[in-house]
Each structure stands twice: as structure tokens, then as C-alpha cells.
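This report describes selected packing features of one protein chain. The sequence and the model are shown first, and the description follows.

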Amino acid sequence: MSMRIGLVCPYAWDVPGGVQQHVGDLAEELVAMGHSVSVLAPVEDTEAPLPEYLVPAGRPVPVPYNGSVARVSFGPRTAVRVRRWVTEGDFDVLHIHEPSAPSVSLLACWAAQGPVVATFHTSNPRSRAMTVGSTALRSALEKVNAGIAVSEAARRTLVEHMGGDAVLIPNGVSVRSFAHAEPLPGWPGSGGSLGFLGRADEPRKGLATLTDAFTLLAPGRPGLRLMVAGPGDPSAALESVPAPLRERVVVLGRLDDADKARAYHSADVFCAPNLGGESFGIVLTEAMAAGAAIVASDIPAFSAVLDAGRAGALFRVGDAYHLAEQAAALLDAPERRADLSRAARRAVRIYDWKTVAADVARVYAAVLPTDRRMLRGGPR
């Protein structure tokens, strides 16, 4: 059954983030399945090349949200664009991501004219915005016919703040895109290497915990290096690294998709030291698809994705000493790294986009009125 699907992303399309990536990957998979897809999102640089399915919703502005800074678009002009897009799209299903975010997602809820599916990504048990704005949010969420949560933590946030519920469908990952790639030149090297990928200047991503752990390990391991990949300035996290060791921290900056896959294959141990605020862990599933040996903080989302430590080692969140201990154990045990690599590749299969997108499409089909299901039964 082919459908016309409208996807709404609340955050700036051209700023890297898990929700943006999720929406883009879902759009690509739905198109491959034969559906007609349009994506609405804020866009900073409208002159840059954009996917054919993307419709700019306006320039984003930065606002504090969920322990980070989100770039969102709101206001009268944006509202007009949203209403026009909804009306002209004549969608069979409108799929709104993060409907509680103060951006085009909330506006799309208010403008919705047909079946609405909402995906909740955020895990934030202390969300002041959601608590204070619950009345306004409920007026928008009344139009939602079916909810999806990417994790149990995201579902719990929804239940606690707004009283709704949702089916669990995790974030997806293109397993084939990460499964095979050559390491970056000179990596991993003979002295051992640790890897990090994420927004380097966002404290909750935990880079400072990792650099502290590296500082503990490096003096006794002369060849050990730390690879830091991802957007943002890592200088704040590097301040604690003594000058003699700093030359062994290699900062790569933002990587394109091909080099990102290569980065996962370039470290002996991939580290995810996040401090919290994660409802899932896209970076983990990508690393798992690459067969990386992973050590990650034991926040609930990461523990769930890593099967309680069976697909990757866990350390106490924020504890640099424990991270150093776990990383050292893996660096010294290639057999253990190989075991974790195999376990990660097995565990990540349930997150492959082909599986996830099919589950999402079944939710779409369930909310279609009976007459529309019959109408959309053939190709469009």
C-alpha cells in the first residue's frame, strides 16, 4: 500500500543531531519502499544542496532544550508555512517527531487535518517546559492518533508529563552502511587507540570524562592515542589533558558519512561517555553495526541498547577512573574485543532500518480510515 507521508522534524536540518538523522534515514527508507514522502524542517542555509523531499520551514533560532541548545523555528511566518505545507501535501499520514518541541512540530499538530502519528525521542524526567506547557501540549496532542517512542525512557517521559502512551519502535541504523569500511590512514596504530564521536562542545556528551580517563591511561601506554570526531570545539574538554599528552589527542572535527563509518573502524575501543539526556543512542548502534568493541556509560538508554553489557562494556556514568579501567581491560584483551564485536553485530540487527521502517509503516496503516486504506491499496 503506497501512501503520501509528511514527516516533520523540529530541529535545524543542517545541524547534526539524532532526530534529524532519524527523520532523514526514515524518509530514505520509506521512499525505497515506494511511498511518496515530504519532510518539513527548519533550514539555516537554504542555498546549500538539500534532499528532493525536504521543504524548508524557515530559519532556526537557538533555544535551550533538554540540556542542550536546539535550533528551532516558530512564529507567525513559520506557522503560515506549516499550514500551507499540510494543506498542499494532502497527506495520508502526518508523522510528527518530537511534537512537544517548541518548533514546527507543535505547529504541525495544530494544523493537522488527517491521521497523525507522533514519535517521541526525548528522555527528560525533569522537563520544566513539558510540565509548564502541558495544557497547551495536550491541545495539540489531542490530534495524535498513534504514538511511537524510540525507547522505554522516552515512553516514560511521555506518560509522566502528558499521560499519553506509545508503542516502542527504536531508532534505526543502516547496518550495511557501517558494516564494512577501511580505517582512516594511520589508525588504529600499534600502541592502541580510543575513539569518540559526538558533539565535542556539548558537556552531556561526556568528552571531558573520556579525556580524564585518557590522562590516567596514557602515561603508562606510550603509544596510546585518542581520536575525537564530531562537530564543535573540544578545547574545554582538553584543558585537563597535560601538554605532553595532548599531541596524542587527534581532533578530526565533523566527518562526512563515509569517513564517519571509517572512524568507527579506526579505534581499538570506541567510547560513549555520555552523562545523560539520551533516550536511545544512535552513536552506539552505528558503532555496533561497524563491529566496534564498545565501552559506554551505564545510563539506562545505553544499557538497553548494549543488552545490559553483553554487546559492549559499561562503566559508571561520569566516573573517569572506571572508564579507564574498563578501557584498559579491553585494550589488553583482543579476544574479548573480538567477542564484543561479534555480539554487537548480532544485537544491532533488530535496529536495521528495513525492520524499523516496516514497523513504522504498519503504524501508519493502522491509523488510516478504512476508506483510505482501500483507496491507497494500489500504486499511486
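Rings of Phe, Tyr and Trp (its six-membered ring) are taken as a pair if their centres lie within 6.5 Å, and planes under 30 degrees apart count as stacked, over 60 as edge-to-face and the rest as tilted. By this rule there are four aromatic pairs. W13 and Y53 make an edge-to-face pair, with 6.4 Å from centre to centre and 80° between the planes. This pair links distant parts of the chain, since W13 lies in the loop between β1 and α1 (18-32) and Y53 in the loop between β2 and β3, 40 residues apart. W85 and F91 make a tilted pair, at 4.7 Å centre to centre and 50° between the planes. F178, Y264 and F270 form one aromatic cluster.

The model is predicted: local features need pLDDT of at least 70, side-chain atom pairs count only at pLDDT 80 or more, and totals for chains, interfaces and linings use all residues. Residues are numbered from 1 along each chain as its sequence is written, and side-chain values use heavy atoms, with hydrogens and water left out.

A residue is called buried under 20% relative accessible area, exposed over 50% and partly exposed in between (1.4 Å probe, protein chains only).

| Residue | Relative accessible area | Class |
|---|---|---|
| W13 | 17% | buried |
| Y53 | 12% | buried |
| W85 | 8% | buried |
| F91 | 12% | buried |
| E286 | 2% | buried |
| L306 | 0% | buried |

Helices (H or I, at least four residues) and strands (E, at least two) are DSSP runs, numbered from the N terminus. Two strands pair if DSSP finds at least two bridges between them.

**Strand β13 and its partners**

In a regular strand the side chains alternate between the two faces of the sheet. In β13, V269 and C271 point one way and F270 and A272 the other way, and all are buried. β13 pairs in the parallel sense with β10 over two bridges, and V269 is the bridge partner of L194. With β14, β13 pairs in the parallel sense over three bridges; here A272 stands opposite A296.

**Helices α14 and α15**

The expected span of a helix is 1.5 Å times one less than its number of residues. The twelve residues of α14 (residues 320-331) should therefore span 16 Å, and its end C-alpha atoms are 16 Å apart, which agrees. α15 has 14 residues and reaches 20 Å from its first C-alpha to its last, close to the 20 Å expected.

A polar contact is a pair of N or O atoms within 3.5 Å; within protein, one must be able to donate a hydrogen and the other to accept it, and residues adjacent in sequence count only if both atoms are side-chain atoms. D319 caps the N-terminal end of α14, with a side-chain oxygen 3.1 Å from the backbone nitrogen of Y321.

Contact means heavy atoms within 4.5 Å. The buried residues of α14, among them H322, L323 and L331, pack against β10 (193-197), α8 (207-217), β13 (269-272), β14 (294-297), β15 (313-315) and α15 (334-347). In α15, R337, L340, S341, A343 and A344 are buried, and the buried residues of α15 pack against β13, α12, β14, β15 and α14.

E286 belongs to helix α12 (residues 282-289). Its side chain makes a polar contact of 3.3 Å with that of K260. Leaving out residues up to four places away in sequence, E286 touches Q21, V173, F178, K260 and Y264.

L306 is found in the loop between α13 (300-305) and β15. The C-alpha atoms of L306 and L284 are 8.0 Å apart, although 22 residues separate them along the chain. Apart from residues up to four places away in sequence, L306 touches L284, M288, I294, A296, A311, G312, A313 and L314.
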